[in-house]
Amino acid sequence: LTMLRLWVVGAALWMGVVLLLTAARNAGIGSDRQWLVAGAGLAAAVLLMVANGSNPEAFVVRHNLERANRGAELDLGYLATLSDDAVPVVADAIDAEGDPIRRKELLLALGCGERRAGVTTLNLAVWRASASRDDLCGR
């Protein structure tokens with residue numbers, strides 16, 4: 001699972017909602033008003049709020065780690081490209097990992113050398129990622 005695939009699923013869900021709204025309008029529900037565009041915009045806003053609150057990058061990491069635990073190949077290079085939102089999930093996987101080789105690979109995906117400075121440290125995801133890196137990278 002990648003972020004692109006996850007966003008495509010979200011876009012398909014939004015298009016499905018817009019199609020249902022169009023069908024409802026064509027069936028005569030609220031046909032005396034122009035509400036379809038506003039409904040489509042509201043559906044898009046709700047999708048973005050849900051995505052913002054649900055931390056999709058952490059979901060992608062959890063999904064890929066679960067698949068790897070069942071025998072699928074884990075793309076550590078892709079995990080390393082994800083933002084700081086994914087770092088705590090990778091850190092939890094490192095703590096739970098018993099295999100030292102896999103643990104070392106996950107540490108590389110964690111991005112131990114990355115440091116933020118200035119205003120960017122006020123971001124909650126950056127703060128959590130820094131705490132996770134400080135905890136694990138020094139070991």
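The protein chain has 7 helices and 0 strands, where helices (H or I, at least four residues) and strands (E, at least two) are DSSP runs numbered from the N terminus. Read along the sequence, that gives the pattern α-α-α-α-α-α-α. The radius of gyration, taken over C-alpha atoms, comes out at 20 Å, well over the 14 Å that the globule rule gives for 139 residues, so the chain is more spread out than a compact globule. That rule is 2.2 Å times the number of residues to the power 0.38. Along the principal axes, the C-alpha atoms fill a box of roughly 65 × 40 × 20 Å.

This is a predicted model, in which local features need pLDDT of at least 70 and side-chain atom pairs count only at pLDDT 80 or more, while totals for chains, interfaces and linings use all residues. Residues are numbered from 1 along each chain as its sequence is written, and side-chain values use heavy atoms, with hydrogens and water left out. The pLDDT, the predictor's confidence in each residue from 0 to 100, averages 85 over the protein chain, and 94% of the residues score at least 70.

Now for the helix pairs. Helix α1 packs against helix α2 (residues 36-54) at an angle of about 150°, with the axes 10 Å apart; axes are lines fitted to C-alpha atoms, for helices over the stretch in contact, and angles run from 0 to 180 degrees between N-to-C directions. The contact (heavy atoms within 4.5 Å) includes Trp-7, Trp-14 and Leu-21 of α1 and Leu-36, Leu-47 and Leu-48 of α2. By class, this contact has 12 nonpolar, 3 polar and 1 charged residues; Ala, Val, Leu, Ile, Met, Phe, Trp, Tyr, Cys and Pro count as nonpolar, Asp, Glu, Lys and Arg as charged, and the others, Gly among them, as polar.

Helix α5 (residues 87-96) takes part in two pairings. With helix α3 (residues 56-69), the axes come within 8 Å and cross at roughly 30°, which means α3 is roughly parallel to α5. Ala-58, Val-61, Arg-62 and Leu-65 of α3 meet Val-89, Val-90 and Ala-93 of α5, a set of 6 nonpolar, no polar and 1 charged.

With helix α7 (residues 124-137), the axes of α5 come within 8 Å and cross at roughly 25°. That makes α5 roughly parallel to α7, and the crossing is left-handed. Among the contact residues are Ile-94 and Asp-95 of α5 and Arg-128 and Leu-136 of α7; the contact divides into 6 nonpolar, 1 polar and 3 charged.

Note on methods
Angles under 35 degrees count as roughly parallel, over 145 as roughly antiparallel, 65 to 115 as roughly perpendicular and the rest as oblique. A crossing is left-handed if the near helix is turned anticlockwise from the far one by less than a right angle, and right-handed if clockwise.
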